[in-house]
Amino acid sequence: MKSKTVLIALQDDRWNSSLSTFFHENGYRVETGKVVSDLIRKVRNGKIQVIVLDDEIEGVKACDLVSLFKKINEKAQIIVVSSETSLGLAKRLRGAGIFYHAMKPIDLDEIKSAVECAFEKIERESKKEGFIPFFIPGRVPA
């Protein structure tokens with residue numbers, strides 16, 4: 001598998017920097033961004049596999065960004081970090097296709113675990129794509 005790339009898109013500069021350093025020290029390739037147009041460009045280039053996304057970037061809600069990112073790269077796994085606890089938001093985010101919904105304040109162990117699981121999911125799904133389905137044994141008529 002190619003290098004594991006995480007895009008960190010949080011409004012708080014301290015958390016952006018802290019998570020960037022944290023994931024870089026854990027062996028991930030890290031990109032950061034706080035501008036929607038820059039985030040779109042980075043997702044469009046196809047190298048981003050996991051996105052850690054704030055609940056709002058430049059006034060654009062996470063639900064809208066998740067839908068957009070999934071249209072650009074449906075294989076990208078998106079982890080939304082939010083301070084809102086409403087059930088409605090959780091349903092909208094799930095409907096948009098997030099991988100995980102974390103709550104603020106950010107717990108490094110929780111985010112690390114979510115990112116690891118996201119990469120495991122990507123790896124499992126990429127193995128399925130290379131598999132030729134007609135080799136699956138089926139029932140033979142008697």
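Of the protein's 142 residues, 37% count as buried (under 20% relative accessible area with a 1.4 Å probe, protein chains only; exposed is over 50%, and partly exposed lies in between). This is a predicted model, with local features needing pLDDT of at least 70 and side-chain atom pairs counting only at pLDDT 80 or more, while totals for chains, interfaces and linings use all residues. Numbering starts from 1 along each chain as its sequence is written, and side-chain values use heavy atoms, leaving out hydrogens and water.

There are 5 helices and 7 strands, taken as DSSP runs numbered from the N terminus (helices: H or I, at least four residues; strands: E, at least two). Starting at the N terminus, they follow the order β-α-β-α-β-β-β-α-β-α-β-α. With contact meaning heavy atoms within 4.5 Å, 62% of the contacts between residues at least 6 apart in sequence join residues at least 24 apart.

Helix H4 (residues 87–96) buries Leu89, Leu93 and Ala96. These residues span an arc of only 60 degrees around the axis, so they sit on the same side of H4; the arc is that of the directions from the helix axis to the C-beta atoms. Exposed Leu87, Lys91 and Gly95 are on the face of H4 turned away from the buried side. The buried residues of H4 pack against helix H3 (62–72) and strands E6 (77–82) and E7 (100–103). After H4 comes Gly97, with a positive phi near 110 degrees.

As for the helix pair, H3 and H4 pack at an angle of about 10 degrees, their axes 9 Å apart. That makes H3 roughly parallel to H4 (angles under 35 degrees; over 145 is roughly antiparallel, 65 to 115 roughly perpendicular and the rest oblique). Axes here are lines fitted to C-alpha atoms, for helices over the stretch in contact, and angles run from 0 to 180 degrees between N-to-C directions. On the H3 side, Ala62, Cys63, Val66, Ser67 and Lys70 meet Leu89, Arg92, Leu93 and Ala96 of H4.

The largest nonpolar core has 21 residues, and Ile51, Leu53, Phe69 and Val80 have the most contacts inside it. Such a core is a set of buried Ala, Val, Leu, Ile, Met, Phe, Trp, Tyr and Cys residues joined through side-chain atoms within 4.5 Å. H3 gives this core its largest share, 5 residues.
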